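Hi there,

Here is the structure I promised to pass along. Have a look at it first, and then read on for what turned up when I went through it.

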Amino acid sequence: MSRKLTVILLAMMILVGAMSLKTAVTSHNDNGAVMMANGGAPVPPPLYRNGGAPVPPPLRNGGAPVPPPLR
Amino acid sequence: MPGLFGYIVWIVSCLLEAGVVVCAVKKKALRPYLFLNLYMAAELFASVSRYNILHQYGLSSLQYRYFYYYSDALLTIFLYLALTSLFSSVFSEMHAEKLVKFGAVFLLCATAAFSYAVVYQSQARLLTHFVNELSQNLYFVGLVLTYVLWAAVLKLRETRTRLIQLILSLGVYFSLFAASYALGNLYPSADSVLQFLPPLYGCFLPAAWAYAFWRIPEDARLAPSRLAVIR
């Protein structure tokens, strides 16, 4: 039983590590690109990008400069 | 539509994928490395199907896009199974195959559950979002698993040359994709150059595996001193 629990712990650690790595690698991804390519076929555009319009800046209420975070 | 370069790379990768299976059959390595060969055969099948759909509907068509990304998700699952079969081979002397299988199934289910948790709020095209998310998450899981496997190879002083070659080429393959993707995010202006690289990487893995099956005999051993040792 303890061996199975060890395997579960290891699997969870691998999953956490993989998702952390993914977050680190894709944190600056704003072009909708996806990383997947098995084989040499040409990669089509992503499936769910609606239209080719430029992505607007994030929503902000008003145009005032953003102050430093509260401490 | 892809240009001449794209077609040449695609044809070369198809030939190499077929070459892996042929080399494995010739060298009687089909059964010991069944999942690796299944992955290569599935890649070849997917490439031929993609070619048919691409020529019928075009690169930007929904048909090609859906088929490409759904088949890519399936291929990533095949690649994951191939990787877990390498784990089984490395841990075979410890008689831990059952534990490896249990861990592989658990990790696959956990990754699927995590992927579903990420996308379940998408009311529209939930399945497409899920397939996309699962494929990418499995990809990163495979990347981490390959490094874990390499650490196990060093720790257990594995000396089977063919197995080491297969694992190392898988590690290089995953790392090339991750590095290329990270560079694409850091330098979006270089996207036009970087988009040519993934199909080239697709040629690397079958070439390395075909070499391993063709040139390295099953009983070849590396001297343990040639591997770095973790103490």
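**Helices α1 and α8 of chain B**

Helices α1(B) and α8(B) pack with their axes 8 Å apart, at an angle of about 25°. Please keep in mind that this is a predicted model. Angles under 35 degrees count as roughly parallel, and α1(B) and α8(B) are therefore roughly parallel to each other. Their crossing is left-handed.

On the α1(B) side, the residues that meet α8(B) are B:Gly6, B:Val9, B:Trp10, B:Val12, B:Ser13, B:Leu16, B:Glu17, B:Gly19, B:Val20, B:Cys23 and B:Ala24. Their partners in α8(B) are B:Pro199, B:Leu200, B:Gly202, B:Cys203, B:Pro206, B:Ala207, B:Trp209, B:Ala210, B:Phe213 and B:Trp214. By class, the residues of this contact between α1(B) and α8(B) are 16 nonpolar, 4 polar and 1 charged.

B:Gly19 lies in helix α1 of chain B and, with its neighbours within four places in sequence left aside, is in contact with B:Pro206 and B:Ala210.

**Helix α3 of chain B**

How does the span of α3(B) agree with its 29 residues? At 1.5 Å a residue, this helix (residues 62-90) should span 42 Å, and its end C-alpha atoms are 42 Å apart, which agrees. Helix α3(B) is mostly covered, with 21 of its 29 residues buried.

**Where the two chains meet**

Chain A has 1 helix and 0 strands. Of its 71 residues, 23% count as buried.

The contact between the chains takes 34 residues from chain A and 56 residues from chain B. On the chain B side, the elements that give two or more residues are α1 (4-26), α2 (34-57), α3, α4, α5 (126-155), α6 (161-186) and α8 (197-215). Helix α5(B) makes the largest share of that side, 13 residues. By class, the side of chain B that touches chain A has 35 nonpolar, 16 polar and 5 charged residues.

One helix pair across the chains stands for the rest of this section. The axes of α1(A) (residues 2-26) and α4(B) (residues 97-119) come within 9 Å and cross at roughly 40°, and these two helices are therefore oblique to each other. The crossing of α1(A) and α4(B) is right-handed. Among the residues of α1(A) that take part are A:Val7, A:Leu10, A:Leu15 and A:Met19, while α4(B) brings residues including B:Phe102, B:Phe106, B:Thr111 and B:Phe114. The residues of this contact divide into 14 nonpolar, 2 polar and 2 charged.

B:Asn137 is one to look at here. It lies in helix α5 of chain B and counts as buried, with 21 C-beta neighbours inside 10 Å. Leaving aside its neighbours within four places in sequence, B:Asn137 is in contact with A:Ala18, A:Met19 and A:Lys22 from chain A, and with B:Thr111, B:Phe114 and B:Ser115 from chain B. The C-alpha atoms of B:Asn137 and B:Ser115 are separated by 7.2 Å, although the two residues are 22 apart along the chain.

**Two backbone angles to check**

Most residues other than glycine have a negative phi. B:Lys28, in the loop between α1 and α2 of chain B, has a positive phi of about 55°. B:His95, in the loop between α3 and α4 of chain B, also has a positive phi of about 55°. Are these two residues buried or exposed? B:Lys28 is exposed, with 10 other C-beta atoms within 10 Å, and B:His95 is exposed, with 8.

Best wishes

How values were computed
Residues numbered from 1 in each chain as written. Chains lettered and ligands numbered in written order. Predicted model: local features only at pLDDT ≥ 70, side-chain atom pairs only at ≥ 80, totals over all residues. Axes fitted to C-alpha atoms, helices over the stretch in contact; angles between N-to-C directions. Helix = DSSP H or I, 4+ residues; strand = E, 2+ residues; numbered from the N terminus. Parallel < 35°, antiparallel > 145°, perpendicular 65-115°, else oblique. Left-handed = near helix turned anticlockwise from the far one by under 90°. Contact = placed C-beta atoms within 7 Å. Nonpolar A, V, L, I, M, F, W, Y, C, P; charged D, E, K, R; others polar. Buried ≥ 20, exposed ≤ 12 C-beta atoms within 10 Å, placed from the backbone. Expected span 1.5 Å × (residues − 1).
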